[in-house]
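Student: I have a structure open and want to work through its packing. Can we go step by step?

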Amino acid sequence: MQAYDLVVIGSGTAAQVVSAKVRKAGRTVAVVDHRPFGGTCALRGCDPKKMLISGAETIDAAQRMQGHGVTGELRIGWRELIAFKRTFTDPVPQKQEAHYAAQGIDAFHGIARFTGPDAVSVEGQELKARHIVIATGARPVPLQFLGAEHIITSDRFLELESLPGRIVLIGGGYVAAEFSHIAARAGAQVTVFQRADRMLPRFDPDLVGWLMVKFAELGIDVRTRSTVDRIEQTANGLLVHADGQQSVAADLVVHAAGREPDLGMDLAAAQVTVSKKRLELNEYLQSVSNPQVYAAGDAASLGPPLTPVSAHDGRVVATNILEGNSRKPDYRGVPSVAFTIPPIASVGLTESQARTQGLKFKVNSENTPNWYTARRLAERVYGYKTLVEEGTGRILGAHIVGPHADEVINLFGLAMRHNLTARDLQTTMFAYPTGASDIGSMV
């Protein structure tokens, strides 16, 4: 048996942050992962996805500028685009393992299973620790219907050597919206089955409505209020059936129906309680039933499922391990972006959430395709909604769709996290003409 001050299960963003900080304080640390080191964001999520989006953005820009000084046709070479993505992802596991070694952190490959409140087993090796951090991320929610075995995960989509001609996405959140935009611009015929009333339910409905113009332009067939009930293998590929009354032929079906914390590690042996597939944690990200165990990132599932939140959780947990429970996570002003083209972004409260809380606020909202930011790019989709509290002038929420939304939303996040007011933003001098220079007119 090997003994450590800290064992971290997982090797993604949260795991990297907490292990580095605890090791820097002179404590002994081990990390365990049964997948290649690096985690979801670097290997199977945000980073590789956005590298594919780079190709789709180029195609979109060229198409928008046709007849406005740009001529000639471009197309996506899928195999070359995937090869470009791999220039980033392929070196990550080895670099991360070398980084652990350089810090003096022991790394173990294999599935970690708890064998007691303070111990885990990995490939026959027993690791005992004063503290254990669960930072295993999330996994696709199991889909329970006939033929579900024919579905591929988003991980596999990002590894496709060639792109099939007919693609069905099950779900209507970030993954479905982003992948449908990539695939459609690469020439695929795309259908989305979404159980909810609309796409992207985490975002403002008005702005999502404006963005749906883009889905229509791309020929993406979005079927809301539609639940897939079985998938049939045929001589010509797959047949996806929904609601017992509609079917769509496909060469590929992709799981985009949500994720849940990845907690398959025999938590009962650790005396770690779970409720509704979520760890029961206190306000310090510590297990309520086993004080030796903490969690961070998507596995903790207390904050939004975003990479910056995982890093933040990692810092919180490291502080509480080193100094005792003294720091609570602060999820104020965390921006969220769906990297459609153009992107849609949000921070803070939605209009409905603010009304539910009984807050008094002013809504500033406009669909603005005629603003310079959109016109210079020949982009038809551009608009915003901001919520400004009456009396204080605080920004309660900001929602943007269109060019530069993914960058501009960060300034609203900064304002919210540091209590800047609408007046503060209006009197700030931003470089012009930029996406940020529109902020004064949005509040």
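This is a predicted model: local features need pLDDT of at least 70, side-chain atom pairs count only at pLDDT 80 or more; totals for chains, interfaces and linings use all residues.

Student: How many residues does the largest nonpolar core have?

Tutor: I167 is among the residues with the most contacts inside that core. Apart from it lies another core, of 45 residues, including V8 and Y100.

Student: Are α1 and α5 roughly parallel or roughly antiparallel?

Tutor: Take the axes of α1 (residues 13–24) and α5 (residues 92–103): they come within 10 Å. They cross at roughly 15°. Angles under 35 degrees count as roughly parallel. So α1 against α5 is roughly parallel.

Student: What is the handedness of the crossing where α1 passes α5, and how many charged residues does the contact have?

Tutor: α1 passes α5 in a left-handed crossing. From α1, Q16, S19, A20 and R23 meet Q96, Y100 and Q103 in α5. By class, that contact of α1 with α5 has two nonpolar and four polar residues. Handedness: left-handed; charged residues: one.

Student: At what angle do α3 and α4 pack?

Tutor: α3 covers residues 46–64 and α4 covers residues 78–89. Their axes are 9 Å apart. The crossing of α3 and α4 is right-handed. The packing angle is about 145°.

Student: How many nonpolar residues are in the contact of α3 with α4?

Tutor: On the α3 side are D47, P48, M51, L52 and G55. They meet W78, L81, I82, F84, K85, T87, F88 and T89 in α4. Three residues of this contact are polar and two are charged. The nonpolar count is eight.

Student: Is E379 buried or exposed?

Tutor: E379 sits in the loop between α11 (372–375) and β22 (383–389). Beyond four places in sequence, E379 touches D60, R64, K214, P342, P369, A374 and P403. Its relative accessible area is 4%. Buried means under 20%, so E379 is buried.

Student: And P201: what is its relative accessible area?

Tutor: P201 lies in the loop between β9 (189–194) and α8 (205–217). Not counting residues up to four places away in sequence, P201 touches G172 and Q194. P201 is partly exposed, with a relative accessible area of 47%.

Student: What separates the C-alpha atoms of P201 and A374?

Tutor: A374 is one of the residues E379 touches. Along the chain, P201 and A374 are 173 residues apart. Their C-alpha separation is 25 Å.

Conventions. Residues are numbered from 1 along each chain as its sequence is written. Side-chain values use heavy atoms; hydrogens and water are left out. Helices (H or I, at least four residues) and strands (E, at least two) are DSSP runs, numbered from the N terminus. Buried means under 20% relative accessible area, exposed over 50%, partly exposed in between (1.4 Å probe, protein chains only). Contact means heavy atoms within 4.5 Å. Axes are lines fitted to C-alpha atoms, for helices over the stretch in contact, and angles run from 0 to 180 degrees between N-to-C directions. Angles under 35 degrees count as roughly parallel, over 145 as roughly antiparallel, 65 to 115 as roughly perpendicular and the rest as oblique. A crossing is left-handed if the near helix is turned anticlockwise from the far one by less than a right angle, and right-handed if clockwise. Ala, Val, Leu, Ile, Met, Phe, Trp, Tyr, Cys and Pro count as nonpolar, Asp, Glu, Lys and Arg as charged, and the others, Gly among them, as polar. A nonpolar core is a set of buried Ala, Val, Leu, Ile, Met, Phe, Trp, Tyr and Cys residues joined through side-chain atoms within 4.5 Å.
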